Amino acid sequence: MADKLIPVLAVVGPTASGKTGLGVELAVRLGGEVISCDSMQIYRGMDIATAKPTADEMRGVAHHLIDFVDRHENYSVARYVRDANAAIRDVASRGRLPILVGGTGLYYSSLIDNISFDEQPTDEDMRRCLTDEADKVGGEKMLERLRIIDPEYAERLHPADVKRIVRALEIYYTTGTTMSEQLKRSRLQSGDILPLSVGINFADRERLYERINLRVDQMLKRGLLDEAASTPSCGTAAQAIGHKELAPYLDGRCTLDEAVESLKRETRRYAKRQLTWFRRDGRIYWLEADGRTTSQLADEAVKLIDSRFMQTASAAGINIHMEEQRNG
């Protein structure tokens, strides 16, 4: 398989936009398996906050890179690229179509653009010092410092991305090169993936925000508070939206209504950042979801599959079968 391109269908977009349903529908129609592209669905015990698909929602479709990392463990982009590439090769080797589904832009771009993350030196003392400083002055102040050093990479980050801000500063202070330079150097000349990427968008942004607010309400009914209370306070998992916003309520520092409103507001802001990230990629074909069913979006996505994609699939031993569309 290494000497052949592997076709990968990707479904991306903001949170609560319907990526899971569309990815599964396409997998059913085309004979595929889903590979998650979500930086939080990897963690065990975080089913509600991360909106992991239920068994019913999976509809018998195999899902990969979900629920396999302990919540105490830190998981890197480099590890994701390795794991996702392995999953893609595994799915394709069985004649199935790999379908990448998720909204973590850095994971998506690193995989699709074939970025090789060489292990960078780690200075534990430097990292500890920067982390302590971030705890004192906050993410915005640290991001301001990164903007002076590396405005290109800083533009990608949010003040809440403290771990990545600290890592970028650490690399610069220990190597003398910026994260942007490191990423440019790590891009390989060519990869073995032929991507066909579709994104879900809402022309009326309020429709998306309504879906986000409804999802938060549903998460709370399903037991989000108990899940948040059981999540470790350290590690990457603790930064999941849906957990960190509820921490002040669980600690007695605000009311439940205030925490819920904060969660809805931060989720809406996260959706905007996701859209900003993915819109930078001119290869993504955007599907307008306003007033349309999952089946209708899948119809449009299937029509995008061109002869090159089909030929690549055939060469890789993948049999893409076009099932009749389903109503709904």
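This is a predicted model: local features need pLDDT of at least 70, side-chain atom pairs count only at pLDDT 80 or more; totals for chains, interfaces and linings use all residues.
View 1. Helix α8, residues 162-175, has 14 residues and reaches 20 Å from its first C-alpha to its last, close to the 20 Å expected at 1.5 Å a residue. Its buried residues are I165, V166, R167, A168, L169, E170 and I171, and just after the helix G176 takes a positive phi of about 85°. Helix α5, residues 124-137, has 14 residues that should span 20 Å at 1.5 Å a residue, which agrees with the 20 Å between its end C-alpha atoms; just after α5, G138 takes a positive phi of about 95°.

**View 2. The largest nonpolar core.** This core has 68 residues, and those with the most contacts inside it are L26, Y80, L100 and Y108. Helix α3, residues 77-93, gives the most to this core, with eight residues. Apart from it lies another core, of 16 residues, among them A134, L169, M179 and L183.

**View 3. Salt bridges at E33.** The side chain of E33 meets that of R94 in a salt bridge, at 2.6 Å from N to O, and E33 also forms a salt bridge with R96, where the closest N and O atoms are 3.7 Å apart. R96 lies in the loop between α3 and β4 and E33 in strand β2, so this pair ties together parts that are 63 residues apart in sequence. E33 counts as buried at 7% relative accessibility, whereas R94 is partly exposed at 41%.

**View 4. The salt bridge of D67 and K52.** The side chains of D67 and K52 meet at 2.4 Å, N to O. D67 is partly exposed, with a relative accessible area of 35%, while K52 is buried, at 6%.

Notes
Residues are numbered from 1 along each chain as its sequence is written. Side-chain values use heavy atoms; hydrogens and water are left out. Helices (H or I, at least four residues) and strands (E, at least two) are DSSP runs, numbered from the N terminus. The expected span of a helix is 1.5 Å times one less than its number of residues. Buried means under 20% relative accessible area, exposed over 50%, partly exposed in between (1.4 Å probe, protein chains only). A nonpolar core is a set of buried Ala, Val, Leu, Ile, Met, Phe, Trp, Tyr and Cys residues joined through side-chain atoms within 4.5 Å. A salt bridge is a side-chain nitrogen of Lys or Arg within 4 Å of a carboxyl oxygen of Asp or Glu.
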